[in-house]
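Reader: I am new to this structure. Please show it to me, and then let me ask about it piece by piece.

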Amino acid sequence: MTLDKFRPYVSRFLDPFVKGFDKVGMTPDGVSILAFGMAVLAAGAFMLGGRADPVWYAVAATLVFLNGWLDIVDGALAREQNVASAGGDLLDHVLDRYADIVIIAGLAAGIGDYLLGFLAVTGVVMTSYLGTQAQAVGLDRVYGGLVGRADRLAIIGIVGFLAFPLAGEYGGLTLTGWLLVFLAVVGHLTALQRFVHSWSALE
């Protein structure tokens, strides 16, 4: 269950954005930084959604989707400008990890449950780490598993939109609280799944 494998099929929808960014002189690294900015704003909106007004959850969800979309656009722009590089790939992955961390931090700060936030963020980071560590030991980069980054952003965005009209507690937790539980459990399971896959491939 990973949306990452559908990236090649959305390429035709990227053209207007790629050409637009190229026309105004935007670089792929600039788009990566812009995507990270959307994540930071989403984190702030998630915090406000939990502490002030639930309408901020809808704002946060929109910003999460923008982060995910721009994360696809930067690679396409690099290919369009013929400037794809190892340095750009490094920057993109580093900013993606920080984006994951700040978004989850915003969710946890909004409901004041930092233990759930810790469990969720470690699951997400370990999922990404196992994907790239496989490549470091000579295998292909692993994108598979229960939930990849594209799936995760889609789920966070959907729950963000639902958390606005469905504010309140369900079984002792808000929707964003249950989202953190989901990210924690599925994140660590996905990391374990990627570890087993990589370990088997090395034998």
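Reader: How far apart are the closest N and O atoms in the salt bridge of D71 with R149?
Author: This is a predicted model, where local features need pLDDT of at least 70, side-chain atom pairs count only at pLDDT 80 or more, and totals for chains, interfaces and linings use all residues. Residues are numbered from 1 along each chain as its sequence is written, and side-chain values use heavy atoms, with hydrogens and water left out. A salt bridge here is a side-chain nitrogen of Lys or Arg within 4 Å of a carboxyl oxygen of Asp or Glu. D71 and R149 meet that limit, with their closest N and O atoms separated by 3.2 Å.

Reader: Which helices hold D71 and R149, and how far apart in sequence are the parts that the pair ties together?
Author: Helices are DSSP runs of H or I with at least four residues, strands are runs of E with at least two, and both are numbered from the N terminus. D71 belongs to helix α3 (residues 55-80) and R149 to helix α6 (residues 149-163), so the pair ties together parts whose separation in sequence is 78 residues.

Reader: Is D71 buried or exposed?
Author: Buried means under 20% relative accessible area, exposed over 50%, and partly exposed in between, with a 1.4 Å probe and protein chains only. D71 has a relative accessibility of 4%, so D71 counts as buried.

Reader: And R149, buried or exposed?
Author: The cut-off for buried is under 20%. The relative accessibility of R149 is 8%, so R149 counts as buried.

Reader: What is the N to O distance in the salt bridge of D100 and R149?
Author: D100 sits in helix α4 (residues 86-111) and R149 in helix α6, so the chain parts they link are distant, 49 residues apart. D100 is itself buried, at 4% relative accessible area. The N to O distance of this salt bridge is 3.0 Å.

Reader: How many salt bridges does a search of the whole structure find?
Author: Side chains of opposite charge can pair when their charged atoms come close. Searching the whole structure gives a total of five.

Reader: Which helix gives the largest share of the nonpolar patch?
Author: Patches use residues with over 30% relative accessible area and no salt bridge; like charges are joined within 9 Å, and nonpolar side chains (Val, Leu, Ile, Met, Phe, Trp, Tyr) within 5 Å. The areas come from the Shrake-Rupley method with a 1.4 Å probe, and for residues only the protein chains shown count as cover. F65, I158, F161, L162, L166, Y170 and W178 make a nonpolar surface patch of about 630 Å². The largest share, three residues, comes from α6.

Reader: Is I158 buried or partly exposed?
Author: I158 is placed in helix α6. Its relative accessibility is 48%, so I158 counts as partly exposed.

Reader: Which residue follows α4?
Author: The residue has a positive phi, near 70°. It is G112.

Reader: Where is N82 found?
Author: N82 is not a glycine, yet its phi is positive, near 55°. N82 is exposed, with a relative accessible area of 71%. Its place is the loop between α3 and α4.

Reader: Which element has the highest mean pLDDT?
Author: pLDDT is the predictor's confidence in each residue, from 0 to 100. The chain has a mean of 89, and 94% of its residues reach 70 or more. Helix α1 (residues 11-23) has the lowest mean among the elements, 82. The highest, 96, belongs to helix α2 (residues 28-51).
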